[in-house]
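Subject: A structure for you to explore

Hello,

Here is the structure I promised to pass on to you. Please open it next to this email and look up each place as you read.

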Amino acid sequence: MDTAVQTERGDTIAAIATPPGAGGIGIVRLSGPRAKEVLARMFLPLSAQVENFHPWLLHRGRVLDWNGEALDDALAVFMPGPRTFTGEDVAEIHSHGGPFLVQAVLESALRHGARQAERGEFSRRAFVNGRMDLSQAEAVAELIAAPSREALRYGLNRLEGVLGRRTAELREELEMLRAQMCLAVDFPDEEVEGMEPAALCEVLDRVMLAVRRLLAGSRRAQIVQQGAVVVLAGAVNAGKSSLLNALLGRERALVTDIPGTTRDFLEETCNLDGLPVRLTDTAGLRQAEETVEQLGVTRSREKVSQADLVVLVLDGGLLGEEGAAAEVCPDPAAREVLDSVGDTPLLVVWNKCDICMPKVFPPRWIGARTCCAVSALSDTYVEELATMLRSVLLGGGSDTAPEDGLAPNARQSMALEKALKELEGLRADVVAGQPYDCCAVRLDMAAAHLGEVTGLSSPAEVLNSIFAQFCIGK
């Protein structure tokens, strides 16, 4: 049965809100108009003075099964709506966390009139009752599954409505444009001031830039949720393995002076101030004659193509002052990396700066690319490199860099991409001199797609798909 239909009937749902398995505490949560009634039937306060549950206060007592027999010495709380998570009356029983015991408490609630909640039904009721928008509801599940502190921060920002408010502001700007277009269409011969095409395009450019910045945050959301792949690439003996060891803080990769020591890629995970990263050390790029090394070089090129960030490691001791002052990169391996990264973010590292720190730095041929100097062997500037890696991965430093704290998920990004496409088409129509009544169709579509981010225009099947991915207790 569809959850929206069940909610309209006003039934009371119940579920275990704590993770499966044994624990110190297990929580059974109820939500709906009969939450207090069900709680009163299955919970007997120890204090005779408690005739009715005082809202928002924990009461100690005995939780009872269907036959009235005591199950546990527990705590219970009643929270009246609408100032609750779901917007309805909510009750919770906090018992000891044995799996059989918590299941028995849930069974008692079900036998006393509650219904087993479906996946995400608590969050869906919060959405239906206006306690949160769809982006906030999704943030609940993302917070639960957050693999890092950075993912927690972005999830919490969405839960607090930062993304929803930003998209609502953009919708308001489009509504303002809609009103101006209506004036121009409805009163063409009147002395009513309408928006000129140049002014309209200026507003559209501003909205499109904001949408692009939101979309830039989607890559950041993927990185903080799934972790980033950082590939160390460059010539043989440039110090890639030493740099991997320095970033990890331990000797993980074998390091020697013999060219071609690293024959295959080596991956290790680390944490850059709350950001999960998978570092990949690759074989040095060169024309290899030995079959095994050739395979290693081939895999190195594959890893570079799959990276979220490529770190080009230069042998500063070998390049020296002349290599830094050259107009064209004198390192064939570095040239190959520079030519192959495409749109993948790139960070150039001048290694062995303790041997040679050139007067011309960054090297001229690096151009506007991000560059830093380190000495992996002596651990010089490695902490600064780690900070720079994190900054580049999170996408700072450009006009279309994501706004801090705004990182839409995949569904939200799809809606934003559709909105951006309509806005780009709208701008082209305005420049081409299309009538405003025709242009308004694209404007309405763009506003509708922005509304999908917060659930204003999301069909029931989309909502069902989203909330079906939640856990039972949320």
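Let me begin with a term you will need: a residue is buried when its relative accessible area is under 20%, exposed when it is over 50%, and partly exposed in between, using a 1.4 Å probe and protein chains only. Y381 is a case of the middle class, since its relative accessible area is 46% and it therefore counts as partly exposed.

Before we go on, please note that this is a predicted model, in which local features need pLDDT of at least 70 and side-chain atom pairs count only at pLDDT 80 or more, while totals for chains, interfaces and linings use all residues. Residues are numbered from 1 along each chain as its sequence is written, and side-chain values use heavy atoms, with hydrogens and water left out.

The overall picture

The protein has 474 residues, and 50% of them are buried. It contains 16 helices and 13 strands; these are DSSP runs numbered from the N terminus, with helices being H or I over at least four residues and strands being E over at least two. A contact means heavy atoms within 4.5 Å. Among contacts with a separation of 6 or more, 68% are between residues 24 or more positions apart.

Salt bridges

Side chains of opposite charge can pair when their charged atoms come close. The rule used here for a salt bridge is a side-chain nitrogen of Lys or Arg within 4 Å of a carboxyl oxygen of Asp or Glu. How many salt bridges does a search of the whole structure find? It finds 20.

One of them pairs R115 with D11, at 2.6 Å from N to O. R115 sits in strand β7 (residues 115-116) and D11 in the loop between α1 (3-8) and β1 (13-16), so this pair links distant parts of the chain, 104 residues apart.

Another joins E173 and R206, whose closest N and O atoms are 2.9 Å apart. Because E173 is in helix α7 (residues 162-186) and R206 is in helix α8 (residues 197-226), the pair ties together parts that are 33 residues apart in sequence. R206 is partly exposed, at 42% relative accessibility.

Elsewhere, salt bridges with shared partners join D11, E88, R115, E121 and R125 into one network.

Helices worth a look

In helix α2 (residues 35-42), the buried residues are A35, V38, L39 and M42. Seen down the axis of α2, they fall within an arc of 100 degrees, so they line one face of the helix; the arc is that of the directions from the helix axis to the C-beta atoms. Their cover includes β2 (23-31), β5 (70-79) and α3 (99-111).

Helix α4 (residues 121-128) is mostly covered, with seven of its eight residues buried. After α4 comes G130, with a positive phi near 75 degrees.

Next, find helix α5 (residues 134-144) and helix α6 (residues 149-159): their axes come within 7 Å and cross at roughly 150 degrees. That makes α5 roughly antiparallel to α6. The contact involves residues including A139 and L143 of α5, and L152 and L156 of α6. Axes are lines fitted to C-alpha atoms, for helices over the stretch in contact, and angles run from 0 to 180 degrees between N-to-C directions. Angles under 35 degrees count as roughly parallel, over 145 as roughly antiparallel, 65 to 115 as roughly perpendicular and the rest as oblique.

Some details in the loops

A cis peptide bond joins G81 and P82, with omega about 5 degrees, and P82 is in the loop between β5 and β6. W56, in the loop between β3 and β4, is not a glycine but has a positive phi of about 70 degrees. Y381 also has a positive phi, of about 65 degrees, and is not a glycine; Y381 lies in the loop between β13 (370-373) and α13 (382-393).

Happy exploring!
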